[in-house]
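Here are my notes for someone opening this entry for the first time. Have the viewer ready and follow the points in order.

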Amino acid sequence: MSRISKISLSEPELIQAIRTRDTRGAEALYDMYSAALYGVIYRIIQHDEIAEDLLQEAFVKIWNSASSYDESKGRLFTWMVNIARNLSIDKTRSKDFRNHSKTEDIENIVLSVDKGFTTSLNPETLGLKDLVQKLKPDQKAILDLVYFRGFTHVEAAEELDIPLGTVKTRLRNAIITLRKVFN
């Protein structure tokens, strides 16, 4: 069954609707955010069927965890992206995902490689990799780990053997530097 019109609510209306378990909230949540969350998941997983399953899992978790969302800590979208991202990273670490990746047949591998080369948001086509190369080496290393390789801040701290606060500070400074270039 397909719906003709999409539901759109303001962020406070959406938060209230999902907290009260209003079905309109579920529909609006999906209509407003499914494409963006799928993009986050697919970028990490790079497999359509698994990404679709994780998208569904993310929406279930968002729906069931709505009471834990705290408006004072950030926007709803950021909270949802973190849920989707964490589910995706957890999936890549799971034994069944690693086994699936090992046994994926050659046709799917060729298809996924082809998709990788035709993506329109490739960092190289945006010139982002070149801009990152102009950053300080410590900032560049953290950006590479967190944004290009999917590490969490804690994992990046462990990988680079530096405190978590240092990771966050260097990442913030790198983003500020990149913003200056784009503005």
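1. Leu29, Tyr33, Ala36, Leu37, Val40, Ile41, Ile44 and Ile45 on the α2 side touch Phe77, Met80, Val81, Ala84, Arg85, Ser88, Ile89, Lys91 and Thr92 on the α4 side. Sorted by class, this contact holds 13 nonpolar, two polar and two charged residues. Please keep in mind that you are looking at a predicted model.

2. Now the geometry of that pair. Two packed helices are described by the angle between their axes and the distance between the axes. Helix α4 covers residues 76-93, and its axis comes within 9 Å of the axis of α2, with a crossing angle of roughly 35°. The crossing of α2 past α4 is right-handed.

3. Step back for the overall picture. Of its 183 residues, 33% count as buried. The chain exposes about 12,000 Å², and carbon and sulfur atoms supply 53% of that area. As for contacts between residues at least 6 apart in sequence, 58% of them join residues at least 24 apart.

4. Back to α2, which has another partner in α1. Helix α1 takes in residues 11-19 and helix α2 residues 23-45; they pack at an angle of about 130° with axes 8 Å apart. That angle is why the two count as oblique to each other. The crossing of α1 past α2 is left-handed.

5. Who makes that contact? From α1 come Leu14, Ala17 and Ile18, and from α2 come Gly25, Ala26, Ala28, Leu29, Met32 and Tyr33. By class, that gives eight nonpolar residues, one polar and no charged ones.

6. Next, have a look at leucine 55. You'll find leucine 55 in helix α3, which spans residues 48-64. Is leucine 55 buried or exposed? Its relative accessibility is 8%, so leucine 55 counts as buried, the cut-off being under 20%.

7. What does leucine 55 touch, leaving aside neighbours within four places in sequence? The answer is Ser34, Leu37, Tyr38 and Ile41. For a sense of distance, leucine 55 and alanine 35 are 20 residues apart in sequence, with their C-alpha atoms 9.5 Å apart in space.

8. Two loop residues deserve a check of the backbone. Most residues other than glycine have a negative phi, and most peptide bonds are trans. Arginine 21, in the loop between α1 and α2, has a positive phi near 60° without being a glycine. Its relative accessible area is 43%, so arginine 21 is partly exposed.

9. The other one is glutamine 46, in the loop between α2 and α3. Its phi is positive too, at about 55°, and again the residue is not a glycine. With a relative accessible area of 48%, glutamine 46 is partly exposed.

Key: Residues are numbered from 1 along each chain as its sequence is written. This is a predicted model: local features need pLDDT of at least 70, side-chain atom pairs count only at pLDDT 80 or more; totals for chains, interfaces and linings use all residues. Side-chain values use heavy atoms; hydrogens and water are left out. Buried means under 20% relative accessible area, exposed over 50%, partly exposed in between (1.4 Å probe, protein chains only). Contact means heavy atoms within 4.5 Å. Accessible areas come from the Shrake-Rupley method with a 1.4 Å probe; for residues, only the protein chains shown count as cover. Axes are lines fitted to C-alpha atoms, for helices over the stretch in contact, and angles run from 0 to 180 degrees between N-to-C directions. Helices (H or I, at least four residues) and strands (E, at least two) are DSSP runs, numbered from the N terminus. Angles under 35 degrees count as roughly parallel, over 145 as roughly antiparallel, 65 to 115 as roughly perpendicular and the rest as oblique. A crossing is left-handed if the near helix is turned anticlockwise from the far one by less than a right angle, and right-handed if clockwise. Ala, Val, Leu, Ile, Met, Phe, Trp, Tyr, Cys and Pro count as nonpolar, Asp, Glu, Lys and Arg as charged, and the others, Gly among them, as polar.
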